[in-house]
Amino acid sequence: RRVHGARLFAACRAAARLTIFFFKFRLLTSWQIHHNLQRMFYLTDMRLSVCLCFFFASVIAYNLDRALEIAGPNAPEIVRARSLAVSDEEAECLEFLINNMPPNDLRNLTAGFIITNVRLALKARYANQWALDVPWDIFLNNVLPYANLAENRDFWRRPFNLKFAPLVENAKSIAEATLIMNRESWKIVDPPIIFVAAPPDELNQYSPFEVMNA
C-alpha cells in the first residue's frame with residue numbers, strides 16, 4: 001500500500017507541473033472570458049490532472065513490471081526491497097533505483113543492499129540543512145545511486161558516512177561542504193589517495209574500495 005501510494009504521489013507531482021500551465025492560463029484570461037467558459041477551463045484542468053495521474057501511474061507500473069521480468073530469479077529480492085519501505089520517500093527512492101538499475105544489478109543485488117543504501121542516503125540528506133537544500137530530483141539522480149558506472153558494487157555508504165559526516169556537520173552551505181570534501185576525502189587512507197586521470201581511450205571503472213586498497 002505504501003509503495004502504491006508513493007507511486008500515485010509521484011504521478012500526481014509530475015501531472016501537476018503540466019496542470020499548472022492550464023491554471024495560469026485560466027487566471028490570466030479570466031477577466032475577459034465568460035463565467036461559463038472559465039468554469040469549462042477549470043473542469044478541463046481537473047479532468048486532465050486525473051487523466052495524467054493515471055497515465056504516469058501506468059507508466060511507472062510498466063517500468064516496475066519490466067524490471068522484475070529482467071531480474072528473473074532475483075525478482076523476489078527486488079519485490080522484498082520494495083516491501084521494506086516504511087515511508088513515501090523510501091518508496092519513491094526504491095521506485096527510482098529499480099526503474100534505472102542496470103540489468104546485472106537487477107539480477108544480483110539483494111534486498112538488504114538496496115534498502116540499506118536508500119536509508120543511508122536519506123539519513124545523509126536529513127543530517128544537515130545544506131544537504132536538505134539539494135533539490136529532490138538532483139538527490140535522486142546524483143546522491144541516491146550506489147554506483148556511477150560499471151564498477152564493483154561496494155557497500156561504501158556506511159563507512160563513508162561514519163568517516164565524512166563529522167567533517168561537514170558544521171558546513172553552512174553545499175559549496176562549503178563540497179570544498180571540505182574535496183580537500184579531505186583523499187585522506188581516507190594513509191598514504192593519501194593521489195588522483196591520476198585515466199587515459200582518454202580508457203574507462204575508469206574502479207570502485208571506492210578498489211581505489212582505497214590500491
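**Salt bridges and the fold**

Tutor: A search of the whole structure finds 4 salt bridges. A salt bridge here is a side-chain nitrogen of Lys or Arg within 4 Å of a carboxyl oxygen of Asp or Glu. Keep in mind that this is a predicted model: local features need pLDDT of at least 70, side-chain atom pairs count only at pLDDT 80 or more, and totals for chains, interfaces and linings use all residues. Residues are numbered from 1 along each chain as its sequence is written, and side-chain values use heavy atoms, with hydrogens and water left out.

Student: Which residue does Arg-119 form a salt bridge with?

Tutor: Glu-90, with the closest N and O atoms 3.2 Å apart. The pair links distant parts of the chain, 29 residues apart. Arg-119 sits in helix α6 (residues 111–125) and Glu-90 in helix α4 (residues 88–100). Helices are DSSP runs of H or I, at least four residues, and strands are E runs of at least two, numbered from the N terminus.

Student: Is Glu-90 buried or exposed?

Tutor: Buried, at 8% relative accessibility. Arg-119 counts as partly exposed, at 36%. Buried means under 20% relative accessible area, exposed over 50%, partly exposed in between (1.4 Å probe, protein chains only).

Student: Which residues are linked in a network of salt bridges?

Tutor: Arg-183, Glu-184 and Lys-187. Arg-183 meets Glu-184 at 3.0 Å, N to O. Lys-187 meets Glu-184 at 3.4 Å, N to O. Arg-183 is partly exposed, with a relative accessible area of 48%. Lys-187 is partly exposed too, at 47%.

Student: Where does Glu-184 lie?

Tutor: In helix α10, residues 174–184.

Student: And what does Glu-184 touch, not counting residues up to four places away in sequence?

Tutor: Phe-164 and Leu-167. Contact means heavy atoms within 4.5 Å. The C-alpha atoms of Glu-184 and Leu-167 are separated by 8.3 Å, and the two residues are 17 apart along the chain.

Student: Switching topic. How many helices and strands are there?

Tutor: The chain has 11 helices and 0 strands.

Student: How much of the chain is buried?

Tutor: Of its 214 residues, 33% count as buried. The chain exposes about 13700 Å², and carbon and sulfur atoms supply 61% of that. Those areas come from the Shrake-Rupley method with a 1.4 Å probe; for residues, only the protein chains shown count as cover.

Student: What share of the contacts with a separation of 6 or more comes from residues 24 or more positions apart?

Tutor: 67%.
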